[in-house]
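Please look at the two chains shown here, and follow how they touch and how part of one of them is packed.

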Amino acid sequence: MIELYAITDNPGPPLPDLAALELVPVDGLAAVCAPAGEADVSADALWHHEEVVEALMADRDLLPVRYGTRLEDEHAVTRAVEERRDELAAALDRVRGAIEVSVRVLPSGDAGRAAVPDAAGGAEYLRQRADEQASQAGTVRAVSEPLAALARASTTSNPRPPELLRAAYLIERDAVEPFTAEVARLQRAHAELSILCTGPWPPYSFTER
Amino acid sequence: MRDKLLHAPPDLDPFMGELPRLDDALSRRVNADPESLERGLAQLVLTIVELLRQLMERQALRRIDSGGLSDEQEERLGRTFMELDRRMAELREEFGLTKEDLNLDLGPLGRLL
């Protein structure tokens, strides 16, 4: 079995000296693979995969392949890439020159909703709920819109309560600093929020349209 | 693990709640002792009830927005939801569950609530 790490342009810069990497070329693209190790899933194995993808990302554009993608042999890899060649080439163009930054927003401290309702009456209770929903939606927009304006593309996924926002932004490689500065500005402007920003990551959230 | 923090809030702890969840996901085992089974069942049932409660509450808020309810109806409806909310809080406490526990990870579909 061999494990896939990324889809890149071919030819590209020489492969980093990690994990016995090899290239499987397919018509202008290449799949970066290595012989698969133990099938055991662990945090270490996951970080190793990430390390390889990030070493590749350092000097080339790529579509990261999700951890745990394994195929029988080089022929199977060639077939898999050939089948989606144009789609993959278009996806690689979309992320060219960019990296992913992740942003998560939580209410800070006890700004979240009270555990037990404390309204005096039914109508007041419903008004509280409505205000809460409206103010949450407003807060999320106040953070997500200025950040999206600095990004080539952005996407959100379901926030996990009490999270308010879970978003990924596709940022030009040389625009990470202005983006981080904007996050810091938003944090200063919104003491009621905790904003966590991590990256740069391979563009995992932008490989599919 | 390299440093990936581009911007960290003053208090990082609230974001760390996910780490145990990651460990769970990587080494998921069914723990079949009777007490945790009961708690697991309660968690599942309460999750479904909470989902319905939230859906109905949102529906009610929409009806109020569109002006379809009298003041009296609004008050009665609100009381019902408030009571449900209180009962859910009590049940959560009884089974030692938090709000975050009443959510299911549906894998690629995301979270239930």
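In this predicted model, strand β9 of chain A pairs with strand β1 (residues 5–7) of chain B in the antiparallel sense, over two bridges, where pairing requires that DSSP finds at least two bridges between two strands. Within this pairing, A:C197 stands opposite B:H7 of β1(B). Strands (E, at least two residues) and helices (H or I, at least four) are DSSP runs numbered from the N terminus. Residues are numbered from 1 along each chain as its sequence is written, while chains are lettered from A and ligands numbered from 1 in the order in which they are written. Local features need pLDDT of at least 70 and side-chain atom pairs count only at pLDDT 80 or more, whereas totals for chains, interfaces and linings use all residues.

The contact as a whole takes 33 residues from chain A and 32 residues from chain B, two residues being in contact if their C-beta atoms, placed from the backbone, lie within 7 Å. On the side of chain A that touches chain B, the elements giving two or more residues include α1 (43–57), α4 (122–149) and β9 (193–201) of chain A.

Within chain B, helix α2 (residues 34–65) packs against helix α3 (residues 71–94) at an angle of about 160°, with axes 11 Å apart; the axes are lines fitted to C-alpha atoms over the stretch in contact, and angles run from 0 to 180 degrees between N-to-C directions. Therefore α2(B) is roughly antiparallel to α3(B), a term used for angles over 145 degrees. Among the residues that meet are B:L46 and B:V49 in α2(B), and B:L77 and B:F81 in α3(B).

Definitions and conventions: pLDDT is the predictor's confidence in each residue, from 0 to 100. Angles under 35 degrees count as roughly parallel, over 145 as roughly antiparallel, 65 to 115 as roughly perpendicular and the rest as oblique.
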